[in-house]
Structures are given as C-alpha cells and as structure tokens.
Amino acid sequence: MTRRARYRFHRDVGEETPALVCLTIADAAGTDGRPPGLVYRGATRALLDSLLAGEEPAAREAAAPALVRGGDVMALLGVPPGPPVGLALGRVREAQALGLVRTRDEALAWLVRAPSSEEDS
C-alpha cells in the first residue's frame, strides 16, 4: 500500500479505522465460515496491519497546521471562491502529509506546477 493510499484511507475513515478492520475480519469470516484467526493471515493480515500502523501518523498529519489558505489559492490561481479552491487546498494538504512540501512557499510552488486532478497527483 502506498503512502498516498494510506493517507487517503485515513483521511476518509479517520478514527474509525480499528472498527473497520474488525468489521472486515468479521465479514470475511461470516461470508465463508472461516474462524476470524484464519481470516487474519497472510496478505490480509499485512494489509490490515498496515492500515492500523498508519493510524497514529495520520492523526499527527491531520493535526498539523495548514500551509496555505483559501485566499492564497484564489490569489495564486486566479480563481473565485468555490469548489476548485477546496480541491486545491485538499491537494496541498495531501502533499504536506506526504512530505512533498514543508513550507508555505514550497506549497505555493507545488500548487502552481501540480496536476489539477487528484487522480493525476
């Protein structure tokens, strides 16, 4: 699992990660009748452990102060208030969480050269 995928998972699921991991194991066990201990093995265990391990770093990343604000995005990109500003702020926040930018100046420079779609970044 990539850092970006782990970041997006924790961004979307947040503190519900442990509960979701438990439900995943219970659902798989209930679907095919295997005991939960047999479900929680091999690649499945590695993936779920990876998600659980990312919970604390994700909380720290979410608590870090944002490097740019909506006004910065509007001035830099010449866009009015609206959804594109929120999308740009989300992309900068992701770049910050992934360690691609560490300062406001780096974030602004990254925003100018970054792809405009989350799928492209």
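# Helices, salt bridges and a pocket

Guide: Arg104 lies in helix H8, where a helix is a DSSP run (H or I) of at least four residues, numbered from the N terminus. This is a predicted model, in which local features need pLDDT of at least 70 and side-chain atom pairs count only at pLDDT 80 or more, while totals for chains, interfaces and linings use all residues. Residues are numbered from 1 along each chain as its sequence is written, and side-chain values use heavy atoms, with hydrogens and water left out.

Visitor: Why is Arg104 called partly exposed?

Guide: The relative accessible area of Arg104 is 40%. Buried means under 20%, exposed over 50%, and partly exposed in between (1.4 Å probe, protein chains only), so at 40% Arg104 is partly exposed.

Visitor: How far apart are the C-alpha atoms of Arg104 and Leu48?

Guide: Their C-alpha atoms are separated by 34 Å, and the two residues are 56 apart along the chain.

Visitor: What makes Val112 count as exposed?

Guide: Val112 is found in helix H8, which runs over residues 104-113. Its relative accessible area is 53%, and Val112 is therefore exposed.

Visitor: What makes Leu76, Leu77 and Val112 a patch?

Guide: They form a nonpolar patch on the surface, with about 240 Å² of accessible area together. Patch members have over 30% relative accessible area and no salt bridge; nonpolar side chains (Val, Leu, Ile, Met, Phe, Trp, Tyr) are joined within 5 Å, like charges within 9 Å. The areas come from the Shrake-Rupley method with a 1.4 Å probe, and for residues only the protein chains shown count as cover.

Visitor: What makes Glu94 and Arg8 a salt bridge?

Guide: Their side chains meet at 2.8 Å, N to O. A salt bridge is a side-chain nitrogen of Lys or Arg within 4 Å of a carboxyl oxygen of Asp or Glu, so this pair qualifies. Because Glu94 lies in helix H7 and Arg8 in helix H1, the pair ties together parts that are 86 residues apart in sequence. Both Glu94 and Arg8 are buried.

Visitor: How many salt bridges does a search of the whole structure find?

Guide: The search finds seven. Among them is the bridge between the side chains of Asp12 and Arg11, at 3.0 Å, N to O. Asp12 has 58% relative accessibility and so counts as exposed, whereas Arg11, with a relative accessible area of 38%, is partly exposed. Another bridge joins the side chains of Asp32 and Arg34 at 2.7 Å, N to O. Asp32 is partly exposed because its relative accessible area is 45%, and Arg34 is partly exposed at 35%.

Visitor: Which residues are linked in a network of salt bridges?

Guide: The linked residues are Arg4, Arg8, Arg11, Asp12 and Glu94.

Visitor: What is the volume of the largest pocket?

Guide: The largest pocket has a volume of about 250 Å³, taken as the space filled by probe spheres set on grid points joined across faces, edges and corners. On a 1 Å grid over the protein atoms alone, a pocket is an open set of points where a 1.4 Å probe fits, with protein on both sides within 12 Å along at least five of seven lines.

Visitor: Which residues lie nearest the centre of the largest pocket?

Guide: Those are Tyr7, Ala58, Ala59, Glu61 and Ala62, out of 14 lining residues, each with an atom within 4 Å of a point. Helix H1 (3-13), helix H5 (55-63) and helix H7 (83-97) each give two or more residues to the lining. H5 gives the most, with five residues.

Visitor: How do the lining residues of the largest pocket divide by kind?

Guide: The lining divides into six nonpolar, three polar and five charged residues. Here Ala, Val, Leu, Ile, Met, Phe, Trp, Tyr, Cys and Pro count as nonpolar, Asp, Glu, Lys and Arg as charged, and the others, Gly among them, as polar.

Visitor: How is Glu61 classed by accessibility, and why?

Guide: Glu61 is in helix H5. At 24% relative accessibility, Glu61 therefore counts as partly exposed.

Visitor: Where is Pro35 found?

Guide: Pro35 is found in the loop between H2 and helix H3 (36-39). With a relative accessible area of 45%, Pro35 is partly exposed. Pro35 and Gly70 are 50 Å apart in space, C-alpha to C-alpha, and 35 residues apart in sequence.
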